[in-house]
Amino acid sequence: MSCIHNTPLPCFSASSSSFPRRNRCASFKSRIHCTLGGTVAEPKSTTSAEPLLLNAVRGEDVERPPVWLMRQAGRYMKSYQVICEKYPSFRQRSENTDLVVEISLQPWKVFKPDGVILFSDILTPLSGMNIPFDIVKGKGPIIANPISEASQVNEVREFVPEENVPYVGEALTILRKEVDNKAAVLGFVGAPFTLASYVVEGGSSKHFSKIKRLAFSQPKVLHALLQKFTSSMARYVQYQADNGAQAVQIFDSWATELSPVDFEEFSLPYLKQIVESVKKTHPDLPLILYASGSGGLLERLASTGVDVVSLDWTVDMAEGRRRLGADVAVQGNVDPGVLFGSKEFITKRINDTVKKAGKGKHILNLGHGIVVGTPEENVAHFFEVAKGIRY
């Protein structure tokens, strides 16, 4: 099969038999690959038997980019739909150890991704923080008593994951045993500003007028709430790592609704706090940061100290790589809509993304979660092509 490009970057093949797995990769060990003026750090030699995803993030020499997909366990899978019919409540599905494990493993059993992410929700900790909520089909998250004043913030409790969500730890422990290091087990948490957005807005929002009103008229109140989420989420990351998560992704989905100057006040300091706290206790735990629509904030995201910045599809991968620099790994960033295209089109976009990312420190993923209604066979094709690539 022919190479997908004619640049100085190494050839990629969609066929696993096109290049031997390890011996020919050695010829690239001394090379540094340039991407629109940026560089990818020279890979280190692989010395561990850890999952491919961890080796890639740490800059070790890998034969291909690891691949997993956000929302890879979800409504596009028929097997998941069967569970939904039996257990119609999302919280029932996501707060039961056996169901969490079963759903988390559904894509693993079918596609064998390089990352198996816990089936849960970023809002799962809220009940333990004295913030009642529900996730209603067709409506999304509903916060029973949206926060708007200092007295309500005072009632928010610090999150104690061992007591509030023991099923998360139990599920992660089981997943580690089931996956058996053939893939990395991933945990995740919501970032402070995104969690605050939900509890202040009362759910999802289009204009984020309530959280911005609080930020700009009562900043001390919002900062107090953000601090509670920060200490709680740092503890949650540590808890997940202690129970089996080999990497943790932080979702700051709504931070990009802030201007850069406001991001620096209401999101960035708290993300840095989480990273610093976690790195003190778990210095080798890879942390991934994702924020949709983050093209204007990439350098600021990298400044948090995370190991990986996950790009959405609106950012050109080569440009993102250049802006982030050689020390930060990247994740992404195929448009989820591509999975509605032909298999040839999907293959082309995968190869284009991998080419632009260059060799090493890249996790192949979508630029957002899988969209409901995505053909399951196209997801299978995505993984087949991705796992057949060789540097």
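In this predicted model, Lys 343, Ile 346, Thr 347 and Ile 350 of helix H15 meet Glu 377, Asn 378, His 381, Phe 382 and Val 385 of helix H16, where contact means heavy atoms within 4.5 Å. Local features need pLDDT of at least 70 and side-chain atom pairs count only at pLDDT 80 or more, while totals for chains, interfaces and linings use all residues. Residues are numbered from 1 along each chain as its sequence is written, and side-chain values use heavy atoms, leaving out hydrogens and water.

**The H15/H16 pair**
- H15 covers residues 343-357 and H16 covers residues 376-388; they pack at about 40 degrees, with axes 10 Å apart.
- That angle makes H15 oblique to H16, since oblique is what's left once under 35 degrees (roughly parallel), over 145 (roughly antiparallel) and 65 to 115 (roughly perpendicular) are taken out.

**The nonpolar core**
- The largest nonpolar core has 127 residues, and Ile 131, Val 199, Leu 225, Phe 229 and Phe 382 touch the most other members.
- Such a core is a set of buried Ala, Val, Leu, Ile, Met, Phe, Trp, Tyr and Cys residues joined through side-chain atoms within 4.5 Å.
- Helix H10 (residues 219-242) gives the largest share of this core, eleven residues.
- Beyond its neighbours within four places in sequence, Val 199 contacts Leu 126, Ile 131, Ile 143, Pro 146, Ile 147, Leu 225 and Phe 229.

**Thr 97**
- Thr 97 sits in helix H4 (residues 97-111).
- Thr 97 is buried, at 14% relative accessible area (buried is under 20%, exposed over 50%, partly exposed in between, with a 1.4 Å probe and protein chains only).
- Not counting residues up to four places away in sequence, Thr 97 touches Tyr 167, Glu 170, Ala 171 and Ile 174.

How values were computed: Helices (H or I, at least four residues) and strands (E, at least two) are DSSP runs, numbered from the N terminus. Axes are lines fitted to C-alpha atoms, for helices over the stretch in contact, and angles run from 0 to 180 degrees between N-to-C directions.
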